[in-house]
Amino acid sequence: MRLPFFFVILLFVVAILIDLYILRDINRFISLRNRKRWKIGYFISMIIGYGLLVAVMCIPVRDESSDILPVMWLLYSFLTIYISKIVYALISLITRLCSFISKGRIRERRYERDIKRGNVGVKIGMILAFCTFFLLWWGVFFTRREIRVNQVTITSAKLPAAFNGYKIVQFSDAHVGTWGNDTTFISKLVDRINGLKPDMIVFTGDIVNRRTDELQPFLKVLSRLKAKDGVYSVLGNHDYGDYIDWKNEADHKRNNELLARWEKEMGWRLLNNERAFVTKGNDSIVLIGVENWGEPPFPEYGRLTEAYPSHRDSTYNLNDSRFKILLTHNPEHWSREVLNISNIDLSLSGHTHAMQMMISIGNWKWSPSVFKYSRWGGLYKEKSKSGEPMNLYVNIGSGEVGMPSRIGSAYPEITEIILHR
């Protein structure tokens, strides 16, 4: 199966309309002496852009034997060209609109003024288009390789005294397949995590893009993760092989079983709708892990009440007085279920990547993720139905999928969480 036909046709239509508009600007605002050179250069960019899109159309993306990386790189290259062109076209349209709105005394002077404004619009549009192109590729060569550590403090009266100052390090959405066989970045990530000397390391899902064998080059590197109380993980939507049309279900099942086996061999404990008690002396806290709680079209594998009982007459239950930590890949799970049926003190999620695009100024931050997720990155606080404080931290991930880039301040994230009484 290839990319959706309608999506590709839409890209072609938008690209053609943008190109026709810019060619009209070249004819109108570029001097006759330079026009030929400009047109030749522009036609070359058109051929490259359409060639990239045709190549994307020809590569199957859901076949069991296909590799998603060529599609990611070809499509991203196409988008960097045409997003930059769209920026130019918008600036050009704005300058034309200004000329249309303003009035001139005589037609000839207005025409001269329009040409002058048009030239200014061309220059500004070109500068901003080149800046956009540079920013998009800066995200490939720099931003996605620059790891940031964010520290968060969680305070709770329910935390046992022995766990005061306890340090949990979270990372998420590694998507190691995007790096192919290059282990450089993942090795750097492991070193940064180990350097924080955590009591516990948690991974909140999406270790691969589509299939388990992407993990093979990274097994030794990820096995180096060390924490006093171990490494715990849950699965994300990309970890189930649901993005591939398998030839038979037996291959699909083997793929999923292999991931569980490899995580165990790495020294990780995978919590598939399970719980683990972490003890220090006579004190303990509960770590709960659910499988991916999917929104459509993702299947819903997560079973919170299977991982930890909900019946209040059970020895332990979702509203007991123990300090509880939940690992759940999708933050929507917290919004739609966890808040309504539990008093879980701290939930840790990933999944959103902040759409790999973020702007931050001081404590203010914004991402296009806001159009899809109410909670997409950072710490969120609410109260349970019984009035107890509940916290959610959404890690924006350390890897990439869809586009091999992180734009703006959407740097790969490690979260250092300190627990206090």
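What follows is a conversation about the labels and the values behind them.

Modeller: This is a predicted model, in which local features need pLDDT of at least 70 and side-chain atom pairs count only at pLDDT 80 or more, while totals for chains, interfaces and linings use all residues. Residues are numbered from 1 along each chain as its sequence is written, and side-chain values use heavy atoms, with hydrogens and water left out.

Biologist: What does the secondary structure of the chain come to?

Modeller: The chain has nine helices and 15 strands, where helices (H or I, at least four residues) and strands (E, at least two) are DSSP runs numbered from the N terminus. Its C-alpha trace spans about 90 × 50 × 35 Å along the principal axes, and buried residues make up 53% of the 421 residues.

Biologist: Why is Gln356 called buried?

Modeller: Buried means under 20% relative accessible area, exposed over 50%, and partly exposed in between, with a 1.4 Å probe and protein chains only. Gln356 has a relative accessible area of 3%, and therefore counts as buried. Gln356 lies in the loop between β9 (346–349) and β10 (357–361).

Biologist: What does the side chain of Gln356 reach?

Modeller: The side chain reaches the backbone oxygen of Met403 at 2.9 Å and the backbone oxygen of Ser405 at 2.8 Å. A polar contact is a pair of N or O atoms within 3.5 Å; within protein, one must be able to donate a hydrogen and the other to accept it, and residues adjacent in sequence count only if both atoms are side-chain atoms. Among the residues that Gln356 touches are also Gly399, Glu400 and Ala410.

Biologist: How do you know that the buried residues of α7 line one face of the helix?

Modeller: The buried residues of α7 are Asp251, His252, Asn255, Leu258, Leu259, Trp262 and Glu263. Seen down the helix axis, they fall within an arc of 125°, so they line one face of α7; the arc is that of the directions from the helix axis to the C-beta atoms. The face turned away from this buried side carries the exposed residues Glu249, Lys253, Lys264 and Glu265, while what covers the buried residues includes α6 (219–222), β4 (231–233) and β5 (268–270).

Biologist: What makes β1 and β5 stand at the edges of their sheet?

Modeller: Six strands form an open sheet in the order β1-β15-β2-β3-β4-β5, with mixed pairing; two strands pair if DSSP finds at least two bridges between them. β1 (148–155) and β5 each have a single partner strand, so one side of each is left without a neighbour in the sheet.

Biologist: How many bridges join β3 to β4?

Modeller: Three bridges join β3 (residues 200–203) to β4, and these strands run parallel. Val202 stands opposite Tyr232 in β4.

Technical notes
Contact means heavy atoms within 4.5 Å. Lists of a residue's contacts leave out its neighbours within four places in sequence.
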